[in-house]
Protein chains: 2
Amino acid sequence: MAITSRDVARLAGVSQPTVSRALRDDPRVSEMTKAKVRAAVDRLGYVPSEAGRALSSGRTRRIGLLVTDLENQFYAHIIAPAHLQLEQLGYQLMLHTETADNETIVERLIANGVDGVILATTTVDSVVPLRLRDRGLPFVYFNRTASFADADATVVEPASGFAAAASRAVALGHSRIGAILGPSNTSTAQSREVALRAALAANGLDLSPHNIRRGPFDTRTGDDATTSLLGQLSPPTLIFCANDVVSYGALNAARRLGAAVPGDVSIIGFDDLPAASWPIIELSTIAYDLTTMAREAARLIARRIEQPDAPVLHVKYETSFVERRTLALASPSA
Amino acid sequence: MAITSRDVARLAGVSQPTVSRALRDDPRVSEMTKAKVRAAVDRLGYVPSEAGRALSSGRTRRIGLLVTDLENQFYAHIIAPAHLQLEQLGYQLMLHTETADNETIVERLIANGVDGVILATTTVDSVVPLRLRDRGLPFVYFNRTASFADADATVVEPASGFAAAASRAVALGHSRIGAILGPSNTSTAQSREVALRAALAANGLDLSPHNIRRGPFDTRTGDDATTSLLGQLSPPTLIFCANDVVSYGALNAARRLGAAVPGDVSIIGFDDLPAASWPIIELSTIAYDLTTMAREAARLIARRIEQPDAPVLHVKYETSFVERRTLALASPSA
DNA sequence: TGTCATTATGCTTTCGTATGCATGGAGGGT
DNA sequence: ACCCTCCATGCATACGAAAGCATAATGACA
């Protein structure tokens with residue numbers, strides 16, 4: 001019932017292989033024949049079968065993007081640019097969530113015949129990269145890396161952003177600093193914690209254990225942790241959050257508790273998502289070029305597929321500090 | 001290099017077709033043979049090739065989800081539940097954006113060999129449904145429908161929500177009502193406008209043309225339209241927004257202009273996205289069960305694929321009004 | 001012990017495209 | 001006029017799984 005390259009061949013008066021070659025612009029096919037084939041394609045409304053092509057060529061031109069939480073705003077801002085960039089490179093994006101256990105995920109990626117994978121939510125101890133390597137399936141790390149790091153990656157360098165933020169914090173009189181950190185088994189949480197501690201130390205500050213909370217990179221973590229932090233006798237006057245989405249939760253908790261931001265407590269995020277600059281939010285945050293980074297991850301995986309032996313690339317994105325409403329003078333009551 | 005069902009067959013001492021049947025739990029294969037096959041599968045780490053399966057069976061178990069703007073929060077809240085539900089039904093979700101022209105989209109859907117499509121951003125005059133019908137590719141409408149409506153659909157019934165909202169608005173003394181409506185070529189904008197006008201009329205109110213703005217369902221529309229509405233000599237005291245995402249823009253504009261919400265102007269949204277109930281937003285809005293609706297759309301397309309002649313279903317979702325901070329007494333200065 | 005039904009399995013072909021190899025035909029050089 | 005070269009195209013087959021059909025093995029029954 002579906003139109004095949006044979007139907008096109010019959011109408012164009014050529015053989016099926018010639019149709020195949022003409023459509024992929026093979027130089028061995030004459031211009032005249034190509035024109036005939038294109039005309040036949042148009043008349044029949046022929047569209048090459050992805051399945052046939054995949055089976056024959058061993059390539060699907062599909063890339064898997066592995067994430068955990070699709071509702072999380074952060075991922076929306078990755079998916080959109082990655083999808084667009086891959087489309088421009090002639091690839092299709094397939095979403096995969098880590099609902100099942102890791103072994104199943106890898107099997108599913110293989111089963112769905114992706115040519116490569118973008119890992120956006122790896123934990124440092126994940127076996128996924130190893131399994132992918134065993135299977136010979138190319139992959140790149142996006143944002144997070146695993147301890148097995150012998151692969152292309154796009155990573156954020158948090159040091160400069162935290163350095164700027166910490167020095168502003170000191171200038172504004174903050175001394176009791178709180179932090180809501182991400183899960184310790186993520187490279188992002190680890191590198192941000194290191195960078196934050198270093199930046200604070202460079203400014204004569206430190207992070208007391210009772211002012212530290214940890215949790216997944218979601219709004220609820222920010223909400224719960226802030227509620228807990230502000231419930232202390234002598235609460236922090238400034239809270240660094242694992243990322244912007246966590247900050248939203250922090251802002252929510254503060255509002256619920258009647259704590260003014262930035263009057264009673266200042267909040268600093270990480271990522272500079274579009275909503276961070278909304279007038280109703282105005283979040284101070286550590287910024288980098290997330291969109292470019294997502295596009296770069298797409299480019300890297302395409303490159304790795306097309307040039308399997310290209311040198312491994314770690315593309316780094318520098319951070320800066322964006323000061324907005326949620327950071328102000330430390331509350332005098334402190 | 002990849003492991004095929006033939007390799008499994010060889011190891012298990014059976015034929016390739018038997019492997020195929022054993023793995024799909026064909027009752028004609030004995031339990032003992034199935035066990036042998038499964039053992040061989042495990043030892044080799046065999047994963048069936050999607051391409052081979054697709055070519056042979058004519059099915060891909062992939063569903064396309066067609067949206068416009070992946071960054072839009074609204075779609076994140078569709079994608080997540082739809083993805084999950086499809087996974088549970090044994091299907092894979094493929095995102096498609098309407099970047100290219102409509103004809104290209106349909107071709108791409110066919111080329112990528114989806115078994116069915118969920119249309120989430122149809123316009124009433126779109127040719128996509130017609131083309132899909134011509135190609136014999138099953139589809140369902142999600143939220144929006146086109147004028148060619150002979151297909152399964154999940155739709156929102158805005159009447160009850162607007163009725164409740166309008167009566168509360170009157171009780172709170174609002175008389176100058178503004179509206180930021182969606183694009184006139186979407187069924188959702190149309191049905192919401194009808195419902196809003198009817199609800200206002202039932203309460204002795206109406207919508208003056210100078211208090212109406214229109215635009216895409218995004219934050220920027222809300223921002224621009226609100227800036228324009230509030231810039232008038234006698235601005236509305238209450239603005240109904242096309243949806244929550246538009247409302248966020250309205251809140252931003254009000255904040256930027258120094259207009260207090262709800263002191264100077266009240267805002268009502270539509271969708272009740274998770275963020276609407278955040279303490280820092282507290283948006284009054286018209287609510288329905290978006291998550292269930294997305295899952296239902298997934299179920300409908302699976303059903304249509306598996307039972308092509310099943311009766312066409314239009315599943316309707318009732319709305320209610322959720323009153324939060326952004327609605328209050330009409331400003332006395334009015 | 002022969003026949004038949006039944007069950008389990010194998011054989012063969014198919015799906016649509018891509019590719020290595022064979023071949024036909026045109027053109028140029030001697 | 002013949003041979004060689006080169007270009008354009010066709011032929012045959014491969015990719016991996018699924019399904020129709022054929023058949024071997026098993027058991028029941030007369």
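Predicted model: local features only at pLDDT ≥ 70, side-chain atom pairs only at ≥ 80, totals over all residues.
## Basis of the description

Local features require pLDDT of at least 70 and side-chain atom pairs count only at pLDDT 80 or more, whereas totals for chains, interfaces and linings use all residues. Residues are numbered from 1 along each chain as its sequence is written, and chains are lettered from A and ligands numbered from 1 in the order in which they are written.

## Surface near DNA strand D

A residue counts as near the strand if its C-beta atom, placed from the backbone, lies within 6 Å of it. There are 24 residues around DNA strand D, and A:S15, B:S5, B:P17, B:G52 and B:S56 come nearest. By class, this surface has 13 polar, eight nonpolar and three charged residues; Ala, Val, Leu, Ile, Met, Phe, Trp, Tyr, Cys and Pro are taken as nonpolar, Asp, Glu, Lys and Arg as charged, and the others, Gly among them, as polar.

Helices (H or I, at least four residues) and strands (E, at least two) are DSSP runs, numbered from the N terminus. At least two residues each are supplied by α2 (16-23) and α4 (50-57) of chain A and by α2 (16-23) and α4 (50-57) of chain B. The largest share, five residues, comes from α4(B).

## Sheet of chain A

Six strands of chain A form an open sheet with mixed pairing, in the order β7-β6-β8-β9-β10-β12; two strands pair if DSSP finds at least two bridges between them. Because β7 (212-214) and β12 (320-322) of chain A each have a single partner strand, one side of each is left without a neighbour in the sheet.

Strand β6 (residues 177-181) of chain A runs parallel to β7(A), joined by three bridges, and A:A179 stands opposite A:I212 in β7(A).
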